[in-house]
4 protein chains.
Amino acid sequence: MHAVTETHPSREKLGRLLISCSDRPGIIAAVSRFLHEQGANIVDSHQYTTDPEGGFFFMRVEFQLPNLTRQIETLRERFSPIANSFDMNWRITPAAKKQKMAVFVSKEDHCLREILWRWSIGELYADIAMVISNHPNMEAIVAPFGIPYYHVPFSKENRDHATRIHLELLEKGRIDTIVLARYMQIIPPDIIDRYQNQIINIHHSFLPAFAGGKPYHQAYDRGVKIIGATAHYVTEELDQGPIIEQDVQRVDHRHQVEDLKRIGRDVERMVLARAVQWHLNDQVLVHGNKTIVFR
Amino acid sequence: MHAVTETHPSREKLGRLLISCSDRPGIIAAVSRFLHEQGANIVDSHQYTTDPEGGFFFMRVEFQLPNLTRQIETLRERFSPIANSFDMNWRITPAAKKQKMAVFVSKEDHCLREILWRWSIGELYADIAMVISNHPNMEAIVAPFGIPYYHVPFSKENRDHATRIHLELLEKGRIDTIVLARYMQIIPPDIIDRYQNQIINIHHSFLPAFAGGKPYHQAYDRGVKIIGATAHYVTEELDQGPIIEQDVQRVDHRHQVEDLKRIGRDVERMVLARAVQWHLNDQVLVHGNKTIVFR
Amino acid sequence: MHAVTETHPSREKLGRLLISCSDRPGIIAAVSRFLHEQGANIVDSHQYTTDPEGGFFFMRVEFQLPNLTRQIETLRERFSPIANSFDMNWRITPAAKKQKMAVFVSKEDHCLREILWRWSIGELYADIAMVISNHPNMEAIVAPFGIPYYHVPFSKENRDHATRIHLELLEKGRIDTIVLARYMQIIPPDIIDRYQNQIINIHHSFLPAFAGGKPYHQAYDRGVKIIGATAHYVTEELDQGPIIEQDVQRVDHRHQVEDLKRIGRDVERMVLARAVQWHLNDQVLVHGNKTIVFR
Amino acid sequence: MHAVTETHPSREKLGRLLISCSDRPGIIAAVSRFLHEQGANIVDSHQYTTDPEGGFFFMRVEFQLPNLTRQIETLRERFSPIANSFDMNWRITPAAKKQKMAVFVSKEDHCLREILWRWSIGELYADIAMVISNHPNMEAIVAPFGIPYYHVPFSKENRDHATRIHLELLEKGRIDTIVLARYMQIIPPDIIDRYQNQIINIHHSFLPAFAGGKPYHQAYDRGVKIIGATAHYVTEELDQGPIIEQDVQRVDHRHQVEDLKRIGRDVERMVLARAVQWHLNDQVLVHGNKTIVFR
């Protein structure tokens with residue numbers, strides 16, 4: 001049972017240009033002229049400026065260009081002077097290139113299963129190179145998908161050792177994106193620094209409400225009428241990173257903590273799946289502690 | 001332009017019995033037997049127990065009884081021994097009896113308009129006896145509805161004086177329910193004590209996130225992807241009272257604070273309207289810092 | 001990998017009483033008195049009448065009674081005269097008794113996976129006795145759950161033969177509930193008659209819009225801004241049976257048919273899972289072509 | 001009480017360019033280059049193509065240009081050759097120009113009130129030039145807003161006469177947009193032809209389900225679990241025009257037709273308000289029987 005996302009032919013010629021820079025007149029004209037001159041056809045384009053009068057500018061363009069993969073280096077070289085003239089942060093990526101992804105999980109399987117299933121039917125375009133867990137339990141779920149499973153026990157005592165193993169695995173696997181699919185351990189700064197805006201966590205509350213541990217207990221105690229889940233990039237401040245996606249579900253007085261967990265599972269897996277998909281499609285840009293999600 | 005909620009004939013014979021007590025076997029049997037013996041027909045019934053093994057029990061029964069208004073005192077007398085045997089908090093109310101309601105408002109009209117309109121078409125079954133505001137602006141909106149409008153300026157300096165006027169107006173009007181329809185002043189303990197679980201506030205955030213002032217600014221700064229509103233009973237701890245209802249709306253990175261306010265207005269007025277309606281229909285019971293809403 | 005729903009001790013003493021009859025005064029009193037006299041404690045109770053003035057009455061009571069399983073026959077015998085006096089349709093079921101369930105599936109796996117997963121973590125309280133498919137593809141998904149998989153090819157020519165095999169399997173397996181988890185064949189009258197209000201189908205549209213084949217194509221052609229899914233009991237009229245549950249998701253002009261299918265999958269599996277859960281918990285009553293769902 | 005939407009200074013320099021044409025390489029480059037050369041700064045831009053390989057192309061650009069109103073004719077002249085070279089349907093409109101709007105209403109006030117209120121606080125940027133009704137009832141609601149109210153009785157007999165009056169009023173008022181705010185009469189072809197894609201109707205169902213009369217009765221009879229409302233452009237085929245916006249609300253078996261109407265009112269007014277706002281902001285393009293809504 002392997003992922004069926006064999007690259008669709010139309011993906012082969014699809015490229016993405018992502019830009020962020022100070023807003024100035026003429027950026028869109030320069031970019032679209034450049035692409036036109038290269039023979040590229042703009043398929044989709046989004047831009048956003050934090051303030052039309054001198055804010056920060058973000059752009060994502062999807063374009064078709066025959067033989068993109070062969071031409072991509074040339075394209076980058078040719079775009080470089082334009083990028084410099086506007087002092088851009090930028091990248092051009094071929095849509096056909098799969099990111100390498102690692103999934104971390106602890107004892108709850110719902111987010112892991114969701115990610116694996118969506119990947120298996122081609123909704124998540126990536127190579128899932130490994131699943132890492134502090135427990136052995138999930139191996140049976142992962143095995144049929146043919147993905148290596150690493151059981152790395154984690155405790156206060158072996159924390160540094162475990163982190164070293166994690167980093168080795170991630171580097172050896174040339175991982176681009178880390179998904180914390182209900183991984184119930186705090187990620188140490190060593191890993192966070194190395195993978196800035198590349199680690200996606202699902203928090204089981206509607207942040208900023210109920211940050212920290214046991215959010216469903218907190219929600220129950222407060223008597224809220226709606227619970228939620230939040231996918232965010234991991235930063236050093238726990239549960240404070242840029243929010244990518246959130247969603248909610250109604251609850252009422254009859255729901256005990258166990259019910260909130262049950263209902264919450266459905267929100268968590270949907271929210272995480274959407275966030276991962278947008279991230280893999282280069283639809284998410286980070287600006288300060290916020291995200292721009294081009295949908 | 002007066003409210004069209006002239007009492008529907010079917011309402012005349014409709015009564016409600018509300019009960020809370022320690023859970024014990026036989027409560028429902030005793031209550032339903034009593035009502036049957038009095039010739040009452042149960043139309044709707046809800047119960048909830050915090051724990052089937054010795055928790056707290058809540059019940060709301062809607063029943064039809066011909067000539068209810070004339071018989072209600074007898075009914076109460078007859079139910080009293082049953083209530084005592086189970087050590088119940090209880091009340092029997094005729095559905096035809098309108099509560100007297102006061103609406104407080106400051107400078108934003110959307111919640112006030114929503115309440116007045118729903119009242120005018122009979123959705124909110126109450127006598128709106130007065131609108132009180134710390135500003136004169138809303139008088140023109142209230143006037144066509146034929147409801148007295150009291151402009152009571154409010155500042156740090158005249159706080160005690162204003163509170164005295166408020167209390168006088170409320171007591172003279174024999175007010176049962178106070179609705180804070182975006183009233184941007186803190187309600188003093190004198191009024192809160194006097195009207196326990198009778199003051200409904202609409203807070204313009206998804207509590208407990210963004211309690212306190214300027215919640216839309218807080219939401220913008222945090223970069224949330226969903227905003228909300230919360231209707232709750234007012235207690236002495238600001239924005240900490242029992243939550244009656246909440247709802248949310250999606251937003252994204254393009255929405256500035258002004259957009260959040262605009263989108264939030266629609267959530268606020270819907271949430272407040274629902275909470276007020278349930279309160280007026282005796283559908284809300286308070287247990288500790290939570291509500292049981294029988295829907 | 002077997003379902004973890006080993007019967008929770010609290011379930012052993014839990015029973016359900018379901019009633020439907022013409023509305024008359026005194027039903028609730030009679031029922032609650034009976035249960036109290038038998039030593040049963042009412043844990044949850046819902047009732048609904050189509051019309052307080054002489055309509056049809058529905059009731060579902062959940063009660064706790066020690067040693068329920070041993071006493072259930074006595075309980076039924078004792079309740080019988082009460083039931084007769086009100087001319088009730090009724091049943092008393094032990095919550096601990098698992099229904100036997102068969103799942104039919106064709107080529108799409110999302111609904112099947114959802115059902116299997118929820119069953120495996122104990123959310124669906126049933127014995128999944130078999131999965132039947134007109135294709136061999138899903139066997140690998142079913143195998144790890146230890147459930148027999150029957151591949152019964154289906155075509156115009158072998159229709160009667162296939163139906164006979166289906167009926168044999170269902171009868172041999174003593175199946176109570178059939179779930180059509182995106183089974184893309186029409187169920188013949190023989191099976192529908194035999195399993196009235198026991199076959200749950202998921203239709204991939206917001207019925208009654210887009211009944212029949214290719215609903216996502218129909219939705220695309222009409223340019224709707226919201227798509228949905230509908231779980232309903234199967235009757236002889238295609239897509240016309242009593243609706244149990246529906247839900248929706250927003251779409252826009254950019255979504256092609258394939259996108260609608262992808263987005264729709266998430267709605268379908270959630271809607272089907274909820275409908276199956278309510279059905280298994282005896283929360284669904286059928287009245288004419290409508291359902292009463294006690295939630 | 002007049003609308004507070006005095007033109008915001010930033011609106012004075014805001015223009016919109018709307019384009020539809022066959023898709024060809026270079027359109028975006030040509031448009032953005034043109035705007036840059038004119039000294040215009042692109043503030044927002046959306047495009048959509050029905051098919052990247054030779055489909056139909058739609059674009060909406062919002063740009064800032066100082067002294068726009070004085071320059072707009074020059075701008076149009078200069079853009080004309082580019083438009084011709086791509087065979088575009090196009091228009092350039094100053095955002096500061098208010099459309100003239102007429103609202104039709106019958107006996108239900110909720111949609112009318114919503115439109116008037118949103119207009120009064122500046123959410124709907126338009127001149128509401130008149131309210132036309134086949135009943136006199138709504139005049140008291142309209143009067144405080146200072147908008148002329150025309151009572152034009154409508155019956156089978158006077159149909160042609162009424163239509164002539166309608167057309168005279170609309171033409172004299174130079175109306176751009178007609179909003180049918182629960183106007184319960186069929187619009188004759190004379191008016192539909194004259195105001196193609198300029199008449200917005202709110203239908204009280206989730207189209208295409210329950211087209212035609214009494215949709216809430218139909219929904220009740222079918223036993224749906226969700227009801228909805230649909231805003232669409234009016235075409236000669238009743239309830240078949242291009243859908244602009246839809247939304248829904250959950251209901252259950254307890255809701256009678258009157259409850260569906262009550263719940264539906266809230267959906268109707270929100271859906272209509274959003275559709276009107278997008279239409280006024282030139283965010284809606286029509287393609288065949290579908291809309292492209294750039295949000």
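Two residues are in contact when heavy atoms of each lie within 4.5 Å. By this rule, and leaving aside neighbours within four places in sequence, Gln38(B) is in contact with Leu65(B), Leu75(B) and Arg78(B).

## Basis of the report

This is a predicted model, in which local features need pLDDT of at least 70 and side-chain atom pairs count only at pLDDT 80 or more, while totals for chains, interfaces and linings use all residues. Residues are numbered from 1 along each chain as its sequence is written, chains are lettered from A and ligands numbered from 1 in the order in which they are written, and side-chain values use heavy atoms, with hydrogens and water left out.

## Gln38 of chain B

Gln38(B) is placed in the loop between helix H2 (27–37) and strand E2 (41–49) of chain B. Helices (H or I, at least four residues) and strands (E, at least two) are DSSP runs, numbered from the N terminus. The relative accessibility of Gln38(B) is 18%, and the residue therefore counts as buried; buried means under 20% relative accessible area, exposed over 50%, and partly exposed in between (1.4 Å probe, protein chains only).

The side chains of Gln38(B) and Arg78(B) are joined by a polar contact of 2.8 Å. A polar contact is a pair of N or O atoms within 3.5 Å; within protein, one must be able to donate a hydrogen and the other to accept it, and residues adjacent in sequence count only if both atoms are side-chain atoms.

## The interface of chains A and B

The size of an interface is often given as the accessible area lost when the parts come together. Here, buried area is the accessible area (1.4 Å probe) that two parts lose on being put together, summed over both. Chain A and chain B bury about 2800 Å² between them, and carbon and sulfur atoms account for 52% of it. Arg222(A), Lys225(A) and His253(A) supply 25% of the area that chain A buries against chain B, more than any other three residues. In terms of contacts, 35 residues of chain A meet 35 residues of chain B.

Four salt bridges are counted between chain A and chain B, a salt bridge being a side-chain nitrogen of Lys or Arg within 4 Å of a carboxyl oxygen of Asp or Glu. Arg250(B) and Asp247(A) form a salt bridge, with N to O at 3.9 Å. Helix H8 (215–222), strand E11 and strand E13 (290–293) of chain A each give two or more residues to the side that touches chain B. E11(A) gives the most, with seven residues. The residues of this side of chain A divide into 15 nonpolar, nine polar and 11 charged. Ala, Val, Leu, Ile, Met, Phe, Trp, Tyr, Cys and Pro count as nonpolar, Asp, Glu, Lys and Arg as charged, and the others, Gly among them, as polar.

## The interface of chains C and A

Chain C and chain A bury about 1700 Å² between them, of which carbon and sulfur atoms give 48%. Arg113(C), Trp117(C) and Arg269(C) supply 31% of the area that chain C buries against chain A, more than any other three residues. At this interface, 20 residues of chain C are in contact with 20 residues of chain A.

Six salt bridges are counted between chain C and chain A. Asp266(A) forms a salt bridge with Arg118(C), in which the closest N and O atoms are 2.9 Å apart. Helix H4 (110–120) and helix H9 (257–280) of chain C each supply at least two residues of the side that touches chain A. The residues of that side of chain C comprise five nonpolar, four polar and 11 charged.

## Asp239 of chain A

An unreviewed UniProt entry lists Asp239(A) under "active site"; UniProt positions are given in the numbering used here, feature names are shortened, and annotations may be inferred rather than shown by experiment. Asp239(A) lies in the loop between strand E10 (226–233) and strand E11 (243–250) of chain A. With a relative accessible area of 7%, Asp239(A) is buried.

Not counting residues up to four places away in sequence, the residues that Asp239(A) touches include His203(A), His232(A) and Arg222(B). The side chain of Asp239(A) also reaches the backbone nitrogen of Gly212(A) at 2.8 Å.

## Glu268 of chain D

Glu268(D) is found in helix H9 (residues 257–280) of chain D. Its relative accessibility is 0%, so Glu268(D) counts as buried. The side chain of Glu268(D) makes a polar contact of 2.7 Å with the side chain of His110(D).
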